[in-house]
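Subject: Structure handover

Hello,

Here is the structure for you to look over. My notes on it follow below.

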Amino acid sequence: MYKIIVVTDPESGDGFRLAGATVIEASNPQEAQKVLIPILNSNDVGIVAVREDYMACLDKSVLSRIERSYHPVIIPIPAPRMGAPMGSYIELLLKRAIGYNIIMRG
């Protein structure tokens, strides 16, 4: 069985863990690229979700490899928007992932 891995910022990681994904936290796009390259070489990973703003900053060679590759499947995920409450962002991601609206309360 293939793994689903999410490469995201530390603030969003818990939401994806709640959805059952393996999470690799990266604080910036450069750190994300460092962890993404070994994942691309892994045979047991089926889907890799990467923050869209991290994807936009990847080197051209890495982006080219992603575009040519069919395994693993790399999908961008929306990054939290400035000014938007983090809880609502995580709720939206969970709803997309599991199909239910989970309301987080502080």
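Ile4, Ile47, Val73 and Ile75 make a nonpolar surface patch of about 300 Å². Patches are built from residues with over 30% relative accessible area and no salt bridge; like charges are joined within 9 Å, nonpolar side chains (Val, Leu, Ile, Met, Phe, Trp, Tyr) within 5 Å. Areas come from the Shrake-Rupley method with a 1.4 Å probe, and for residues only the protein chains shown count as cover. Isoleucine 4 sits in strand S1, residues 3-8. Its relative accessible area is 45%, so isoleucine 4 is partly exposed. The cut-offs: buried is under 20% relative accessible area, exposed is over 50%, and partly exposed is in between (1.4 Å probe, protein chains only).

**Before you read on**

This is a predicted model: local features need pLDDT of at least 70, side-chain atom pairs count only at pLDDT 80 or more, and totals for chains, interfaces and linings use all residues. Residues are numbered from 1 along each chain as its sequence is written, and side-chain values use heavy atoms, with hydrogens and water left out.

**Overall layout**

The chain has 5 helices and 4 strands. Their order from the N terminus is β-α-β-α-β-α-α-β-α. Helices (H or I, at least four residues) and strands (E, at least two) are DSSP runs, numbered from the N terminus. Of the 106 residues, 37% are buried. The accessible surface is about 6,700 Å², and carbon and sulfur atoms hold 57% of that.

**Strand S3 and its partners**

S1 and S3 run parallel and are joined by 5 bridges. S3 and S4 (residues 73-77) also run parallel, again with 5 bridges. Two strands count as paired if DSSP finds at least two bridges between them. Follow alanine 49 in S3: it is the bridge partner of valine 6. In S4, alanine 49 is partnered by isoleucine 75. S3 is largely enclosed by the rest of the structure, because 6 of its 7 residues are buried.

**The cores**

The largest nonpolar core has 16 residues; Val7, Leu36, Val48, Val50, Ile66 and Ile74 touch the most other members. S1, H2 (29-40), S3 (45-51), H3 (52-56) and H4 (60-68) each supply at least two of its residues. H2 gives the largest share, 4 residues. Apart from this core lies another, of 6 residues, including Phe16, Val23, Ala49 and Ile77. A nonpolar core here is a set of buried Ala, Val, Leu, Ile, Met, Phe, Trp, Tyr and Cys residues joined through side-chain atoms within 4.5 Å. In soluble globular proteins, nonpolar side chains tend to be buried together.

Take valine 50. Leaving out residues up to four places away in sequence, valine 50 touches Val7, Leu36, Met55, Ile74, Ile75, Pro76 and Ile77. Contact means heavy atoms within 4.5 Å.

**Salt bridges**

The count is 5 salt bridges. The rule is a side-chain nitrogen of Lys or Arg within 4 Å of a carboxyl oxygen of Asp or Glu. Arginine 51 and aspartate 9 form one, at 2.5 Å from N to O. Arginine 51 is in S3, aspartate 9 is in the loop between S1 and H1 (10-18), and the two are 42 residues apart. Both are buried. Arginine 51 also bridges to aspartate 53, at 2.5 Å. Aspartate 53 is partly exposed, at 30%.

Arginine 17 pairs with glutamate 25, with the closest N and O atoms 3.0 Å apart.

Best wishes
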